[in-house]
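Hi,

Here is the structure I promised to send over. Have a look at it first, and then read on for what turned up.

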Amino acid sequence: MSTQVSSSAQALFQGRLCARFFAWVCLFGVLAAFAELIDPRLLDPSHRHFIFLIGAIGMWRYGNATMHYLRGMYFLHWRFPRMRRAVEAMGEAALPSQMFMVVTSFRIPTHTTFKVYRSVFQEVQRLPVPCTVIASIVEKADENFIKQIMRDEVRGRDDIKLVIIRARGTGKRDGLAHAFRALSRQMPLEDAVVGVVDGDTMMLPGCVENAVKFFAYLPSVGGITTNEFCEVEGGKLMREWHALRFVQRHINMCSMALSRRVLTMTGRLSFFRASVMTEPGFIKDVEADFLQHWRLGRFQFLTGDDKSSWFSLMRAGWDTFYVPDSNTLTVEHPPDRNFFRATRQLMFRWYGNSLRQNFRTTRLLGLRQLGLFTMYVLYDQRVSMWTSLLGLVTSVAAGLMFGIEFLLVYLFWVLLSRSLVTLLLLFAQHPVDPLYPLVLYYNQIVGSAMKVYALFHMDQQSWTRQKTTLDRSTEGFDMALNRWSSKTMLASSIALFLGAVAMLLTLSQL
């Protein structure tokens with residue numbers, strides 16, 4: 001029987017390998033066909049339309065991407081391995097004297113809850129230090145279920161405890177705040193470390209130990225976030241879209257970790273010094289964070305608790321770090337069966353959180369606390385949403401005005417450049433797929449459009465799983481004014497952008 005299963009698994013693997021190879025062959029075949037259709041004169045730098053193809057803006061964008069990639073690869077393959085060896089040389093002295101794991105669960109399928117808590121208890125069982133697991137839950141059934149998982153997984157360890165916190169179900173921020181206050185009542189030791197785990201995140205073996213040792217090695221670090229892989233409950237395209245996102249996240253995290261300025265304490269799994277998390281200001285930031293906007297007034301952050309915890313660390317003067325060999329497996333539940341609707345909902349939530357944090361951080365913290373590189377990255381986030389759309393809009397306009405061959409050249413360049421980027425992602429130690437070039441371009445165009453929309457609608461927020469939104473029903477005239485001013489400013493910005501494209505086309509003809 002086992003031989004038959006092994007043969008079936010091997011045949012399935014070989015089938016997938018052949019399908020992937022065939023897809024790569026088709027991709028390069030399409031590239032070759034595009035190359036034959038292009039007039040070589042259009043690639044001549046002296047040609048008057050060359051500005052559309054290789055312009056200063058394009059070089060700037062690819063220069064930024066190259067910079068992050070090289071920084072990320074340097075950190076991943078050279079800097080971090082040396083840090084890891086130094087940490088391991090410290091032995092058990094690198095371990096904290098006490099561990100806490102805070103796990104939040106709300107509307108998570110039972111089979112996912114089982115996998116998550118089993119991985120939590122297996123990790124703390126593996127770690128040779130006392131540990132308390134604080135579970136923030138809503139349903140009574142989850143409490144009994146979690147206790148049973150603990151009885152099955154934890155053996156011979158009287159120093160592993162479970163604390164159950166019943167939250168109100170009014171959102172993740174409330175659940176975290178209740179858990180953090182319960183943590184404070186436990187009176188953690190000075191060098192204790194706390195892991196904050198989302199209810200859909202499984203920790204892979206060694207995940208906790210690999211991360212928490214860095215607190216002893218890097219005394220200026222207040223928070224550490226971890227590497228993510230994903231298991232997606234959806235179709236092929238949705239699976240590859242999520243996988244690509246985690247590859248890009250991995251590279252960017254490595255790049256920012258080189259400056260010890262990782263830009264978010266990922267809600268899926270991050271670790272903090274207990275002395276940081278028991279501060280009333282930190283708990284307040286996570287529970288009731290807000291933005292004071294010049295046009296929209298003051299409104300609370302519904303989502304983005306990971307950005308709030310990061311901001312609290314930065315404001316207090318702590319560094320943030322990324323440990324690429326502390327691995328988790330997240331179970332992704334797309335908010336909609338339709339790929340386009342699901343990705344737009346997710347991107348609007350993610351990019352809205354980033355922009356809200358971006359504007360507040362640059363204004364309140366500034367160069368002294370963030371550093372030059374981090375400030376540059378944050379300001380670049382505001383510009384990239386427009387420059388990423390420039391190539392498509394300019395090429396379509398040039399194709400309509402001067403000939404379809406300009407659009408063909410643009411499509412060829414998109415396919416070629418994204419294929420090369422996909423191959424470079426292999427060095428990030430994440431798997432890649434032939435769909436990545438198309439998904440990369442989809443993320444660039446649709447993602448930029450969602451960023452532009454989110455930029456002028458920062459007060460619009462909702463959870464994709466909890467289906468909760470900010471209650472703005474009592475604001476009357478102010479709410480209507482905000483809504484119309486958002487639409488007016490969005491339309492005006494698009495008009496200015498199209499005017500810039502027209503000016504660029506005009507200058508190219510001089």
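Let's start with helix α3, which has 17 residues and reaches 24 Å from its first C-alpha to its last, close to the 24 Å expected at 1.5 Å a residue. (That expected span is 1.5 Å times one less than the number of residues; helices are DSSP runs of H or I with at least four residues, strands are runs of E with at least two, and both are numbered from the N terminus.) Buried residues of α3 include Thr 112, Val 116, Tyr 117, Val 120, Phe 121 and Val 124. Here buried means under 20% relative accessible area, exposed means over 50%, and partly exposed is in between, with a 1.4 Å probe and protein chains only.

Before going further, a word on the source: this is a predicted model, where local features need pLDDT of at least 70 and side-chain atom pairs count only at pLDDT 80 or more, while totals for chains, interfaces and linings use all residues. Residues are numbered from 1 along each chain as its sequence is written, and side-chain values use heavy atoms, with hydrogens and water left out.

Now the overall picture. The protein has 17 helices and 10 strands, and 52% of its 510 residues count as buried. Taking contacts (heavy atoms within 4.5 Å) between residues at least 6 apart in sequence, 83% join residues at least 24 apart.

On to the nonpolar cores, meaning sets of buried Ala, Val, Leu, Ile, Met, Phe, Trp, Tyr and Cys residues joined through side-chain atoms within 4.5 Å. The largest has 131 residues, and those with the most contacts inside it are Met 99, Met 101, Phe 271 and Phe 321. Another core, of 5 residues, lies apart from it and includes Trp 24, Leu 27, Leu 31 and Phe 412.

Val 30 sits in helix α1 (residues 2–37), and at 40% relative accessibility it counts as partly exposed. Val 30 and Leu 416 are 386 residues apart in sequence, but 9.9 Å apart in space, C-alpha to C-alpha.

Helix α4 (residues 140–153) has 14 residues and reaches 21 Å from first C-alpha to last, close to the expected 20 Å. Which residues of α4 are buried? They are Asp 142, Glu 143, Ile 146, Ile 149 and Met 150. These cover an arc of only 130 degrees around the axis, which puts them on the same side of α4; the arc is that of the directions from the helix axis to the C-beta atoms. On the other side of α4, Ala 141 and Arg 151 are exposed. The buried residues of α4 pack against α3 (110–126), β2 (131–137) and β3 (160–166).

Then there is a helix pair to look at. The axes of α8 (residues 236–257) and α16 (residues 436–455) come within 10 Å and cross at roughly 75 degrees, so the two are roughly perpendicular to each other (the class runs from 65 to 115 degrees). Contact residues include Trp 241, Leu 244 and Val 247 of α8, and Tyr 436, Leu 440 and Tyr 442 of α16.

Met 187 is not a glycine, yet has a positive phi of about 55 degrees; its place is in the loop between α5 (172–185) and β4 (193–198), and at 64% relative accessibility Met 187 counts as exposed. Arg 260, also not a glycine, has a positive phi of about 55 degrees. Arg 260 is in the loop between α8 and β7 (269–273), and counts as partly exposed at 26% relative accessibility.

Cheers

Note on methods. Axes are lines fitted to C-alpha atoms, for helices over the stretch in contact, and angles run from 0 to 180 degrees between N-to-C directions. Angles under 35 degrees count as roughly parallel, over 145 as roughly antiparallel, 65 to 115 as roughly perpendicular and the rest as oblique.
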